[in-house]
Structure formats: structure tokens, C-alpha cells
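The following note was prepared as a colleague's reading of the structure shown below.

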Amino acid sequence: MMKAAASAPGKVILLGEHFVVSGYPALVTAIEPRAVVRVQRGEKKTVVKSGNVVGIWSEGGEQLYPPKNIKNHLQPLYDMATKLLEENSVHACFEAEIFSQIPGSAGLGSSAAVSVAFAKALSDLYGLGLGHDAVIKYAMLAEREFHGTPSGIDPHIAALGGALLYSGPGNYRRVNINNLLEIAVLNTGVRRKTSAMVAHVQEFARKNPEVFREMADFYGEVLAGGLEALEKGDAARLGRLMTLNHMLLRVLGVSSKAVEKAFEALMGLGMYGAKLTGAGGGGCVIAVGPQTSYGRLSDLSQQFQTAFTTKIACRGVVSEA
Ligand code: PMV
């Protein structure tokens, strides 16, 4: 094949971010904005483009652009691709272009969706037939370079799609969703670094081990109820439990003024419940509510970067034409 493309979805964590870093299960679902990566065979150099960000490397892996003293934001993707090709005995240069509809640094798993789509597109380009496990393994390499010590939840959901109860790499089960297909997403527009937020919570857990354990026990009950609600299609109960999860995240110190403003705005629409999603400190707040509450979501698009309703549990990574 001379050209190939693949796409992968974004995600929202319905319950359990940060607790999942400490080994507790989290409930995550794929959402509809997707990232697409197009690849084609290249000669003598490898080029990766994302909007106006470009990285160019020689055949031997030397950074040609930007100049070596400037940080190359696409390096983790290049490193992932190099490892993937090396381990599958491919010695070749390629060109890749990234098109993502998923807002970055907002808790919606944009970097993992790109990494997963990238790995799948390369697999198709060189006829490697990599399955989900291999795609996740390579995307994890890029995620570690982007975020430090991620739980791996983002590449798993981007590859597998649907909804998952996720406890750690390779340790997950699919969750059936009954009758809850929509969720409201409000982006505060405040970008933050996942690694800094994770370090903050891990420090809290280290300094307050008993408090953290008790919070995690309580979170376990929230999760059990949330799973039951999701499986039965009880959006009102799920919403209430999402709010309780948000309160725990507040105590862990990962909410912020912007997040609380978004939370209040969503609750003001008559949502059943809301919470921050992802690392916190900014990024997105999600909510579920009765049909009437979604209708008024667009009223918030003046005050916030983006406000949208999206379908949950959509398909994972797929090859594109
Ligand atoms: O904000 P995101 O999309 O990077 O999600 C982070 C979720 C955390 O639980 C905070 C970290 C992780 O790796 O699971």
C-alpha cells in the first residue's frame, strides 16, 4: 500500500480519573470527535505534520526540523513510529499528517487518539496486521513521553471504543450501556498539563494515606452505583453519582475556578449531575441530564471555549479510506 489512514475517538472518564492512577477501576467511554492520521511512503526523510507544527527527521533519525535546540512537539509520535517499524522489521521513511477534531489538553484524550490512529495507519501502510493489543502497546510509548506515568486508560478506550471498566494495562472489561447515548461537554478553555495534575494527587495520597484510602473506598461505592445506573440506563442516578465523584476530585485539589464555573453553568441548565473529566485544573466538565437540558447547552457557548452534546460509546480505532 502507498497510502493509508486511520481514525480513533476521544474519550470522557465518567467516573474515576486520578483514582485509576492508584490502581482503582475507572469508567470510561469513547466519544464522537475523532482524530484522523494519514500516512504515505516517503523517501530519505520522515515528515510528521499537525496543523502548522512540523517535524522532519533524516533516515538515520536525526532531527532536521525544527533545529535541534528547539523542542519538537511531535517527537513522541516519531519515537513511537520508529519503535513500531523497527520491531516489525520495516526500514523505511514515511510522511504523516494529523487531523484532530478533539480539543487538546482538555481531558478528552486527544494525544492518545492521535497515537492510536497513527499506529494503526502505519500498520495498514506496511501491511503489518497489528491488532488492538499491539496498537495500544505502541500508543502507550507515546503517551509516556507526552504525560509521564499515564494509567493507559486513554489508549485503551481510543483503540477499543465503547465503554470500559478499566483498572490498568490489559486489565479491563467492556460495559454495556443501556439507553444513555448523549453527554454534554463544556470546555473551560483552560489548558493544563496532565503530568502536573497527576503529581499533585499522588503527593496528596502520599501525605494523607488514610484520608486517600477512605476517599477511595467511598469512590468504590460511587463507581458500583454508577456502573449499575449505566447498565440500567438510569441517567438521573448516574448524574448524581458523577456529582459525588466531582466532590471527591475537589477535595483532591484538581478542581479550579474555571472548572467550578462550568460545573455551575451545567447544573443551571437542569442537568442531573456534572463533573470534571480527565486530569482537571481546567479542561472539560461533563454532564448528563434530561433531554430539555441539552437543548439549552448552546446558550453557554458564548462564555466557554466550546459547548457540545456528543454521542458516547462510539467505535474505536478504524481504518479510513
Ligand atoms: O486529562 P487526560 O485526558 O490526560 O486524562 C487524565 C486521566 C488521569 O486519570 C488523571 C491520568 C491517567 O493517566 O489516567
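1. Which residue is the bridge partner of Leu186 in β11? The model is a predicted one, and in it Leu186 is bridged to Val285 of β11. This pair belongs to the contact of strand β9 (residues 182-187) with strand β11 (residues 284-288), where four bridges join the two strands in the antiparallel sense.

2. Strand β2 (26-42) deserves a point of its own. It is mostly covered, with 12 of its 17 residues buried. With β1 it forms 12 bridges, the two strands running antiparallel; within this pairing, Gly10 has Ile31 of β2 as its bridge partner.

3. Two hairpins may be treated together. Strand β3 is joined to strand β4 (residues 53-58) by six bridges, antiparallel in direction, and Lys49 has Val54 of β4 as its bridge partner. Two residues lie between the strands of this hairpin, and Gly51 takes a positive phi near 60 degrees there. Strand β4 is in turn joined to strand β5 (residues 63-65) by two bridges, again antiparallel, with Ile56 bridged to Tyr65 of β5. The hairpin of β4 and β5 has four residues between the strands, and in it Gly61 takes a positive phi near 95 degrees.

4. What is the volume of the largest pocket? The computed value is about 1200 Å³. Its lining comprises 47 residues, of which Ser105, Ser110, Ser111, Phe146 and His147 are the closest to the centre. Two or more lining residues come from each of β1 (3-15), α1 (75-87), β6 (93-100), α2 (110-125), α3 (132-147), α4 (153-160) and α5 (194-207). Helix α3 gives the most to this lining, with four residues. By class, the lining holds 19 nonpolar, 19 polar and nine charged residues.

5. The second largest pocket has a volume of about 290 Å³. Among the 16 residues of its lining, Lys3, Ala4, Arg38, Val39 and Gln40 are the closest to the centre. The elements that give two or more residues to this lining are β1, β2, β3 (45-50), β6 and β13 (318-320). The lining divides into seven nonpolar, two polar and seven charged residues.

6. Is Ser110 buried or exposed? Buried means under 20% relative accessible area, and Ser110 therefore counts as buried at its relative accessibility of 15%. The residue is placed in helix α2 and is one of those closest to the centre of the largest pocket. Leaving aside its neighbours within four places in sequence, Ser110 is in contact with Ile102, Pro103, Gly104 and Ser105. Of these contacts, Ser105 is likewise listed among the residues closest to the centre of the largest pocket.

7. A last point concerns Ala224, which is found in helix α6 (residues 209-232). Its relative accessibility of 45% makes it partly exposed. Between Ala224 and Leu241, the separation is 17 residues in sequence and 9.8 Å in space, taken from C-alpha to C-alpha.

How values were computed. Residues are numbered from 1 along each chain as its sequence is written. This is a predicted model: local features need pLDDT of at least 70, side-chain atom pairs count only at pLDDT 80 or more; totals for chains, interfaces and linings use all residues. Side-chain values use heavy atoms; hydrogens and water are left out. Two strands pair if DSSP finds at least two bridges between them. On a 1 Å grid over the protein atoms alone, a cavity is a set of points where a 1.4 Å probe fits but cannot get out, and a pocket is an open set with protein on both sides within 12 Å along at least five of seven lines; lining residues have an atom within 4 Å of a point. Grid points are joined across faces, edges and corners, and a volume is the space filled by probe spheres set on the points. Ala, Val, Leu, Ile, Met, Phe, Trp, Tyr, Cys and Pro count as nonpolar, Asp, Glu, Lys and Arg as charged, and the others, Gly among them, as polar. Buried means under 20% relative accessible area, exposed over 50%, partly exposed in between (1.4 Å probe, protein chains only). Contact means heavy atoms within 4.5 Å.
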